[in-house]
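Subject: Structure for your review

Hello,

Please find the structure below. My notes on it follow.

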Amino acid sequence: MTDTAGAAWEPKATYGPGTGASPTGEGVVRRRRRWLRGVALGAAVLVLGAGGAGWAAYQKLNGNITKDTDAAAELARYDRERPAPLVHDAQNILLIGSDTRAGDNRKYGRDRGTQRSDTTILLHLAADRQSATAVSIPRDLMVDVPGCRRPDGSRTRAQFAQFNSAFEVGGTACTIRTVEKLTGIRVDHHMVVDFAGFKDMVDAVDGVEVCLKAPIDDDDAHVRLAPGPQTLDGEQALGYVRARKSLGTGSDTERMDRQQEFLGALVNKVQSNDVLLNPSKLYPVLDAATSSLTTDPALASLRGLYELVRGMRNIPTERVQFLTVPRQSYTYDANRDELVEPAAEQLFTRLRTDSPVAVIPERARNPRESAPSQDQAYRGDPDHSDSDDSDDSEDSDGKPDDPSHTPSPAPTFRGNTAAEAACE
């Protein structure tokens with residue numbers, strides 16, 4: 001017979017003299033032990049099941065990342081000529097947005113079997129992890145590109161060329177060597193992400209809000225947006241950061257400004273949405289990010305990425321800064337760029353030595369000031385000249401500074417921070 005729950009029915013034990021049973025008898029003890037063993041086994045199954053799921057998720061995310069061993073091998077060949085790191089614990093990561101049209105990116109143009117760096121950002125993390133400075137390098141900047149190894153094994157000659165050609169002829173290693181030659185800054189790590197990966201990451205955080213002053217209708221970038229506050233999904237966000245000719249003056253400087261503002265809004269979204277503290281929100285972000293990344297071997301694991309992110313998690317958004325390397329139209333071709341000196345070298349020196357870099361947001365500019373040129377990213381601090389840094393080594397009496405000497409204020413550059421609201 002069974003009861004309504006389907007369990008086997010047993011007569012209840014009766015206790016009394018001569019029955020051979022009692023509430024503390026051997027039968028009850030055996031049943032209690034069996035119950036405790038069952039509970040322990042159930043708990044163990046739950047723990048192991050959760051651990052197995054966690055391990056499976058870890059393995060999946062870990063396997064998503066593509067390890068760039070070719071770049072590592074090529075950089076090792078030129079290790080002696082690369083800049084030495086000057087400040088212990090400071091980190092410089094090169095972020096490269098590839099414009100490849102292969103695979104899922106075919107919808108954005110015909111695949112010609114080549115790719116260029118559509119966006120390149122040098123991210124400097126201060127040694128004390130109290131600030132992060134992201135410097136955009138224009139793709140049209142004229143630079144010295146070293147001789148590099150092509151994908152077919154042949155080698156190019158050193159040349160003075162457009163910056164993004166380095167990625168086309170020699171991939172990541174060539175781009176890193178070009179950046180190091182340009183800046184004198186050692187690149188510690190690199191990450192490459194393509195169009196599809198960028199879209200997936202934006203979708204994983206449920207979109208990013210931006211504020212548009214005017215409508216956007218750009219067939220080349222595949223984007224149409226109305227003015228005002230807009231929460232962009234991945235496809236729209238990609239079009240927004242790629243659009244160029246249909247917006248403003250059509251300059252690449254304006255496009256880099258939009259890219260920087262968007263990245264700041266993305267940082268804000270991740271922090272304000274508690275993504276990093278919510279596993280159900282964090283997993284899709286990690287899945288999208290790791291699936292789209294190609295990194296150096298040291299970062300090509302969740303452990304490597306975790307160590308990097310762990311140092312960044314407490315940086316206030318107002319200390320996450322975005323700016324463009326000081327540049328202007330190239331003397332011999334208005335469609336190309338060249339560095340503005342001495343401002344560019346002043347910026348590179350501060351990053352090399354882990355010295356403070358300050359940005360002045362455009363919206364914070366004094367309305368009585370004339371607007372800075374679109375081609376001039378650098379804005380010197382009005383209280384001191386561009387040559388302040390050269391005077392840091394001596395006091396007014398001509399004697400060398402002692403360690404207690406207070407350095408001159410950091411020069412300022414036009415840019416923005418992640419703390420700036422997308423819409424006001």
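**The nonpolar core**

In the largest nonpolar core, which has 33 residues, Leu-94, Leu-141, Leu-339, Leu-347 and Phe-348 touch the most other members. A nonpolar core here is a set of buried Ala, Val, Leu, Ile, Met, Phe, Trp, Tyr and Cys residues joined through side-chain atoms within 4.5 Å. Buried means under 20% relative accessible area, exposed over 50%, and partly exposed in between (1.4 Å probe, protein chains only). At least two residues of this core come from each of helix H2 (69-77), strand E2 (91-98), strand E5 (142-145), helix H3 (165-183) and H9. H3 gives the largest share, seven residues. Helices (H or I, at least four residues) and strands (E, at least two) are DSSP runs, numbered from the N terminus.

This is a predicted model: local features need pLDDT of at least 70, side-chain atom pairs count only at pLDDT 80 or more, and totals for chains, interfaces and linings use all residues. Residues are numbered from 1 along each chain as its sequence is written, and side-chain values use heavy atoms, with hydrogens and water left out.

**Helix H9**

Helix H9 (residues 343-352) is largely enclosed by the rest of the structure, because seven of its ten residues are buried. Among them are Leu-347 and Phe-348. After H9 comes Asp-354, with a positive phi near 60°.

**Two other residues**

Thr-412 lies in strand E17 (residues 412-417) and counts as buried, at 8% relative accessibility. Its C-alpha atom is separated by 5.1 Å from that of Val-359, 53 residues apart along the chain.

Asp-233 sits in the loop between strand E11 (228-232) and helix H5 (234-242). Asp-233 is partly exposed, at 35% relative accessible area.

Regards
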